[in-house]
Amino acid sequence: MNVQQLRVLQKAASCRTVTEAAAELGLKQPTVSFHLRKLEEAFGVELFRKQAGRLALTDAGEGLLPYARKITALVEEAEQLMKEYREQGRGKLRIGASYTPATYFLPAYLAEFQQRFPNALPLLTVKQAGGALAMLHGYEVDVAVVSLPDEPYPDLNVVKLTDDELKLALSPRHPLASRKKISIEDLRREPFLVHETGSTSRELSESWAKENGLQWHIRMELGAIETIKESVKHGIGIGILPWRSFLKEAGAGELVMRDLPGHVRRRTISLAFRKEEALVPQASQFISFMRSKLEV
């Protein structure tokens, strides 16, 4: 038994003859007869009989007909669903993201993306940038939105979306908070609150200190931006944070934002995806959407 045979059964049940059923199905008469015969062989019962030259369902055929309608309807529904996945981008969009983009950057764009593409279902996994890129390489996510140093990534397509500069974060009560510009000399004896090892922020902070000859004093390593912000507010030390992560607190006077002195390596929030000819439709839609909104 197959779906085509069940479709032939339904059409034959509504027609007077095999010839009429064949014409409506766009098939040849022997093909229709073949399908009906195979269906009867599969079930081991007679489904049609001829009465006065016309087709008529047997009791077995009458019993099978509602099931045939149900099965073919389900198959057509499944075919339509797969067409939507194929042509309209319906399906899961697996996104890997590092902490800053996931918390302070992506939500507004994901909201607009879902309004424009309601058939796509974003699934967001948040990790350090290296972890998100590893998931991308391992086919665990379709795209990654991560904070990255400005350097080449030859094995990936990388689209730079927006800047993601690091800034000094100070308590308003800190003696340096009253200065508009802070020098490397000002920071030599200051305790720092830094990201845990492995994050892009930690990597770039260490590069900044080394390149500017600062042998800094690390008071704490912390895994979360929110924890660093709260610790800075309480005067435990100075933080080095992505500017957008404490923009609200700086505007409210809860923290003070100052430029890192000296040479600072550029950092961007970037969209990364594998170098493949074909991507799932919802990933292609997301890439085009983000490019149209933010590519720098």
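Trainee: In β5, which residue is the bridge partner of Ile 95?

Mentor: This is a predicted model: local features need pLDDT of at least 70, side-chain atom pairs count only at pLDDT 80 or more, and totals for chains, interfaces and linings use all residues. Residues are numbered from 1 along each chain as its sequence is written, and side-chain values use heavy atoms, leaving out hydrogens and water. Strands β3 (residues 91–97) and β5 (residues 143–149) run parallel, joined by three bridges. In β5, Ile 95 has as its bridge partner Val 143.

Trainee: What is the order of the open sheet with β4 and β6 as its edge strands?

Mentor: Strands (E, at least two residues) and helices (H or I, at least four) are DSSP runs, numbered from the N terminus. Two strands pair if DSSP finds at least two bridges between them. This sheet has five strands with mixed pairing, in the order β4-β3-β5-β12-β6. At its edges, pairing on one side only, are β4 (120–126) and β6 (156–163), so the order to remember is β4-β3-β5-β12-β6.

Trainee: What does the twist of that sheet average from one strand to the next?

Mentor: Axes are lines fitted to C-alpha atoms, for helices over the stretch in contact, and angles run from 0 to 180 degrees between N-to-C directions. From one strand to the next, the twist averages 25°.

Trainee: Which helix lies across β5 and β12?

Mentor: Contact means heavy atoms within 4.5 Å. Helix α6 (residues 106–116) lies across β3, β4 and β5, at about 165° to β4. Across β5 and β12 (267–274), at about 15° to β5, lies α8 (residues 200–211), so your helix is α8.

Trainee: How far apart are the axes of α6 and α11?

Mentor: Two packed helices are described by the angle between their axes and the distance between the axes. Helix α11 covers residues 281–294. The angle between α6 and α11 is about 120°, and their axes lie apart by 11 Å.

Trainee: Is α6 oblique or perpendicular to α11?

Mentor: Under 35 degrees counts as roughly parallel, over 145 as roughly antiparallel, 65 to 115 as roughly perpendicular, and the rest as oblique. The two helices pack at about 120°. That makes α6, relative to α11, oblique.

Trainee: Is the crossing of α6 and α11 left-handed or right-handed?

Mentor: A crossing is left-handed if the near helix is turned anticlockwise from the far one by less than a right angle, and right-handed if clockwise. The way α6 passes α11 is right-handed.

Trainee: How many nonpolar residues does the contact of α6 with α11 have?

Mentor: Leu 106, Tyr 109 and Phe 113 are among the α6 residues in the contact, and α11 brings residues including Phe 286, Phe 289 and Met 290. Ala, Val, Leu, Ile, Met, Phe, Trp, Tyr, Cys and Pro count as nonpolar, Asp, Glu, Lys and Arg as charged, and the others, Gly among them, as polar. Two residues are polar and three charged, while the nonpolar ones number eight.

Trainee: Which residue meets Asp 142 in a salt bridge?

Mentor: A salt bridge is a side-chain nitrogen of Lys or Arg within 4 Å of a carboxyl oxygen of Asp or Glu. By this rule the count is 20. Asp 142 is in the loop between α7 (129–137) and β5, and its partner sits 48 residues apart in β3. At 3.0 Å, N to O, Asp 142 meets Arg 94.

Trainee: Which residue in β10 stands opposite Leu 193?

Mentor: A second open sheet of five strands has mixed pairing and the order β9-β8-β10-β7-β11. Its edge strands are β9 (217–222) and β11 (256–259). Within this order, β8 (residues 191–195) and β10 (residues 238–242) pair in the parallel sense over two bridges. Opposite Leu 193 stands Gly 239.

Trainee: Which helix packs on that sheet, touching β7, β8, β9 and β10?

Mentor: The helix covers residues 225–233. Its direction makes about 145° with that of β10. The name is α9.

Trainee: Are α1 and α3 parallel or perpendicular?

Mentor: Helix α1 (residues 3–14) packs with α3 (residues 29–43) at about 110°, their axes 9 Å apart. Therefore α1 and α3 are roughly perpendicular.
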